[in-house]
Amino acid sequence: MQSDNALKFYIDGRWVMPSGAERMDVINPANEHPFMQIAIGTTEDADLAVQAAFEAFPTFSQTSKSERLELLRNVLRCYNDRYEDIAQAVSTELGAPLKFSREAQAWAGQIHLESTIAALEAFSFDEHNGSSMITWESIGVCALITPWNWPLNQIVCKVAPALAAGCTVVLKPSELAPLSAMIFAEVLEKAGTPRGVFNLINGTGPVVGQYLAGHPRVDMVSFTGSTRAGIIVAKTAADTVKRVAQELGGKSANIVLADADLEDAVIKGVEACFSNSGQSCDAPTRLLVPAERHAEALEIAKRAAAATRVGDPLSENTDMGPVISQQQFDKIQGLIGVGVEEGAILVAGGLGKPEGLDVGYYARPTIFGGVTPEMTIAREEIFGPVLSIIPYDTEADAVRIANDSIYGLAAYVQGGDLERARAVARKLRAGSVYVNYAPWDTHAPFGGYKQSGNGREYSHWGIRDFMEVKGIVGWGT
């Protein structure tokens with residue numbers, strides 16, 4: 001699969017050649033072969049994109065709500081026209097099973113567009129407070145830096161609310177999974193997005209991403225990625241005192257209460273952890289079970305891992321594809337090895353690739369039991385199909401273990417008594433808490449506590465993140 005615009009950038013309403021000559025192969029993780037090349041941008045390319053967004057901002061920020069709604073509806077229509085192309089692209093660049101790519105990855109972009117449109121329809125930009133007028137205004141030029149693991153999810157949940165808010169943007173997607181982003185740029189072009197309002201350049205984080213974060217004409221950076229990289233972005237942005245919204249790492253706890261259906265809770269917990277090959281920042285990677293049922297939980301988890309079918313992303317029978325890269329595979333292998341060395345019980349999986357899958361970055365679905373809170377695998381984000389099962393003694397003990405983390409992106413609670421589960425959910429220090437495997441809700445705020453970031457995305461929460469609030473005092477006098 002290739003794109004006619006693969007070696008170009010979308011700047012000021014046109015596909016243009018980059019300033020430099022550097023190129024990079026994009027690897028299909030299922031077969032380890034390059035399937036396309038992209039141009040790698042320079043600071044000069046970033047300057048051109050920012051300048052286009054800067055010049056477009058005064059006009060676009062003054063457009064009406066109805067004009068922005070018309071634009072987003074056109075984007076949604078064009079997105080739906082390219083839906084299969086997007087799904088195929090994500091499956092190729094990420095190694096996601098094609099069915100999952102269609103039903104989850106491409107769908108995520110679609111549902112974010114629908115949610116943002118609904119939020120904008122109901123959004124009030126002005127409100128009276130006594131004799132003052134409180135008004136919400138576009139923050140300005142926004143640099144959007146997105147990851148490879150859920151490309152459309154993170155691109156659209158930034159671009160759509162930024163446009164709804166009247167901002168202009170420069171998008172730098174991950175160079176590991178750029179094809180779906182380029183198709184999305186073609187979608188915005190087809191939808192009639194005004195010149196300079198949306199710009200896309202490819203490049204590396206240390207060069208293009210960091211340069212955008214410190215650019216004096218960028219008013220806001222919205223970054224999704226690792227906590228390590230997020231810290232660098234924040235420090236770089238501090239010199240120009242711009243707003244920084246960050247959605248960073250996670251090590252989400254999944255508490256199975258004593259009155260939960262253990263079989264159902266553990267099986268669904270394993271499936272949720274292994275979804276997207278474990279490459280989700282909010283994956284429930286710490287499964288907390290009552291100590292007296294720990295052995296039973298391990299047997300259930302072992303069966304669930306054995307039922308997980310790893311293989312070719314194009315096969316309808318595949319549940320889990322490869323991880324994104326050799327680097328990611330090596331990191332996962334290293335942490336599995338640390339888990340064994342530190343004395344965790346290897347219940348399923350382990351080091352190496354699944355039998356018969358010698359080519360491709362395929363990791364074995366791995367489960368550890370008898371994990372203690374101080375073990376490395378209970379504390380570090382592995383970002384792969386590795387589940388740590390931790391026994392606890394009391395409900396208070398479970399809450400303490402769950403909150404004993406530098407991260408706070410998501411948490412999960414399973415219980416038979418809904419009121420009890422809700423009470424536990426209130427005690428968890430996380431930006432999102434899912435009770436009894438509730439479905440994903442793009443109308444709820446998404447973002448983290450602690451080192452999982454700041455700011456909130458999705459729906460009207462996302463729109464407000466891209467806005468300044470102004471008080472006009474004396475409006476009513």
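Modeller: Let us begin with helices: helices (H or I, at least four residues) and strands (E, at least two) are DSSP runs, numbered from the N terminus, and the expected span of a helix is 1.5 Å times one less than its number of residues. This is a predicted model, in which local features need pLDDT of at least 70 and side-chain atom pairs count only at pLDDT 80 or more, while totals for chains, interfaces and linings use all residues. Residues are numbered from 1 along each chain as its sequence is written, and side-chain values use heavy atoms, with hydrogens and water left out.

Biologist: What span should the 14 residues of helix α5 have?

Modeller: Helix α5 covers residues 151–164 and should span 20 Å at 1.5 Å a residue, and because its end C-alpha atoms are 20 Å apart, the expectation and the model agree. Just after α5 comes G166, which takes a positive phi of about 90°.

Biologist: How many residues of α5 are buried?

Modeller: A residue is called buried under 20% relative accessible area, exposed over 50%, and partly exposed in between, with a 1.4 Å probe and protein chains only. In α5, 14 of its 14 residues are buried, and the helix is thus described as mostly covered.

Biologist: At what angle do α2 and α5 pack?

Modeller: For such angles, axes are lines fitted to C-alpha atoms, for helices over the stretch in contact, and the angles run from 0 to 180 degrees between N-to-C directions. Helix α2 (residues 65–81) packs with α5 at about 155°, and their axes are 9 Å apart. Angles under 35 degrees count as roughly parallel, over 145 as roughly antiparallel, 65 to 115 as roughly perpendicular and the rest as oblique, and α2 and α5 are therefore roughly antiparallel to each other. Contact means heavy atoms within 4.5 Å; here it is made by R68, L71, L72 and Y79 of α2 together with L152, A160, L163 and A164 of α5. For residue classes, Ala, Val, Leu, Ile, Met, Phe, Trp, Tyr, Cys and Pro count as nonpolar, Asp, Glu, Lys and Arg as charged, and the others, Gly among them, as polar. By class, the contact of α2 with α5 has seven nonpolar, no polar and one charged residues.

Biologist: In what order do the seven strands of the open sheet with mixed pairing lie?

Modeller: Strands of a sheet pair through backbone hydrogen bonds, either parallel or antiparallel. Here two strands are said to pair if DSSP finds at least two bridges between them. The order of the seven strands is β14-β15-β16-β13-β12-β18-β19, and the pairing is mixed. At the edges stand β14 (345–348) and β19 (432–435), each with a single partner strand, so one side of each is left without a neighbour in the sheet. Neighbouring strands of this sheet are turned by 25° against each other on average, direction ignored. Helix α11 (residues 326–341) packs on the sheet, where it touches β15 (366–369) and β16, and its direction makes about 25° with that of β15. Helix α14 (residues 418–427) also packs on the sheet, touching β12 (253–256), β18 (410–414) and β19, with its direction at about 165° to that of β19.

Biologist: Which residue stands opposite R286 in β16?

Modeller: R286 stands opposite S388, and P290 stands opposite Y392 in β16. Strand β13 (residues 286–290) and strand β16 (residues 386–392) pair in the parallel sense over five bridges. Three bridges join β15 to β16, which also run parallel, and T366 has V386 as its bridge partner in β16. Six of the seven residues of β16 are buried, so this strand is largely enclosed by the rest of the structure.

Biologist: Is G369 buried or exposed?

Modeller: G369, which is found in strand β15, counts as buried because its relative accessibility is 0%. Leaving aside its neighbours within four places in sequence, G369 is in contact with H294, L298, A344, I345, V347 and I389.

Biologist: Where is Y458 found?

Modeller: Most residues other than glycine have a negative phi, and most peptide bonds are trans. Y458 is found in the loop between β21 (453–454) and α15 (459–465), and its phi is near 85°, a positive value in a residue other than glycine. Y458 is buried, with a relative accessible area of 4%.
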